[in-house]
Amino acid sequence: MFLHTIAYWSDVLRTLIGEREKMVVRYDPRDLSRIYLWAPDGRYYDLSYADLRRPPISLWEHRLALKRLREEGREQVDEEAIFATIDRMRGIAERAVAETKTMRRQRERRLQAARAVAVKPDAAKPASPNPSAFEPLPENERLFTNVEEWL
């Protein structure tokens, strides 16, 4: 069985060879790795990709891949071309996400560098320390008595 050049298989299809009645095929548009065949006996049968190595794809990805292949001038579209196109599209999307993150980080670094340069030199100098802040506390105000004081 084929869904726009993607092959599906199940052993139940052997029993349906030569069947003259039309059968209904249903699918989840978010995952085309499985389709469901409503056979003349009134039961649904689960069909998966004939090539189980293929990744699950959505109907949206499938349609976009067909569109891209037709735009490239391909008259014959096969399963290999569809999955190769989807793999390329996913790679482009992943690189775009990574590049977008990198661009945001670089822009933030540039902004932080610009803010650091914009700070006035007088404001950047620390205030002179208060000499009394470094004098040891009297014995009765100390929390720990076994602390060495280095001056």
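**Close-up 1. The hairpin of E3 and E4 in the predicted model**. In this predicted model, strands E3 and E4 are joined as a hairpin through 2 residues. Strand E3 covers residues 24-28, and its pairing with E4 is antiparallel and runs over 5 bridges. Within this pairing, tyrosine 27 has isoleucine 35 of E4 as its bridge partner.

**Close-up 2. The hairpin of E4 and E5**. Strand E4, residues 31-38, also pairs with E5, again in the antiparallel sense and over 5 bridges. The two strands form a hairpin with 5 residues between them, and glycine 42, which lies in the turn, has a positive phi of about 85°. Tryptophan 38 stands opposite tyrosine 44, a residue of E5.

**Close-up 3. The pairing of E2 with E5**. Strand E5 is paired with E2 as well, in an antiparallel arrangement over 2 bridges. Here tryptophan 9 is the residue that stands opposite serine 48 in E5.

**Close-up 4. The aromatic pair of tyrosine 8 and tyrosine 49**. The structure holds 3 aromatic pairs, and one of them is formed by tyrosine 8 and tyrosine 49, whose ring centres lie 5.7 Å apart with 40° between the planes, a geometry classed as tilted. Because tyrosine 8 belongs to strand E2 (residues 6-9) and tyrosine 49 to strand E5 (residues 44-49), the pair ties together parts of the chain that are 41 residues apart in sequence. Tyrosine 8 is buried, with a relative accessible area of 2%, and tyrosine 49 is likewise buried, with a relative accessible area of 4%.

**Close-up 5. The aromatic pair of tyrosine 49 and phenylalanine 83**. The ring centres of tyrosine 49 and phenylalanine 83 are 5.6 Å apart and the planes meet at 85°, so this pair is edge-to-face, the cut-off for that class being an angle over 60 degrees. The pair links distant parts of the chain, since tyrosine 49 lies in strand E5 and phenylalanine 83 in helix H3 (residues 79-118), 34 residues apart. Both residues, tyrosine 49 and phenylalanine 83, are buried. Through ring pairs, Tyr8, Tyr49 and Phe83 are linked into a cluster.

**Close-up 6. The largest nonpolar core**. This core comprises 24 residues, of which Ile6, Tyr8, Leu47, Tyr49, Ile57, Ile82 and Ile86 touch the most other members. At least two residues of the core are supplied by each of E2, helix H1 (12-15), E4, E5, helix H2 (59-71) and H3. In soluble globular proteins, nonpolar side chains tend to be buried together. Tyr8 and Tyr49, named among the core residues that touch the most other members, also belong to the aromatic cluster with Phe83.

**Close-up 7. The setting of these details within the whole chain**. The protein chain contains 4 helices and 5 strands, which follow one another from the N terminus in the order β-β-α-β-β-β-α-α-α. Of its 151 residues, 25% are buried. Among the contacts in the protein chain with a separation of 6 or more, 51% are accounted for by residues 24 or more positions apart. The accessible surface of the protein chain comes to about 12,500 Å², and carbon and sulfur atoms hold 54% of this area.

How values were computed:
Residues numbered from 1 in each chain as written. Predicted model: local features only at pLDDT ≥ 70, side-chain atom pairs only at ≥ 80, totals over all residues. Heavy atoms only, no water. Phe/Tyr/Trp six-rings, centres within 6.5 Å; stacked < 30°, edge-to-face > 60°. Buried < 20%, exposed > 50% of the residue type's maximum accessible area, 1.4 Å probe, protein only. Pairing = 2+ DSSP bridges. Core = buried A, V, L, I, M, F, W, Y, C linked by side-chain atoms within 4.5 Å. Contact = heavy atoms within 4.5 Å. Areas by Shrake-Rupley, 256 points an atom, 1.4 Å probe, with all protein chains shown as cover.
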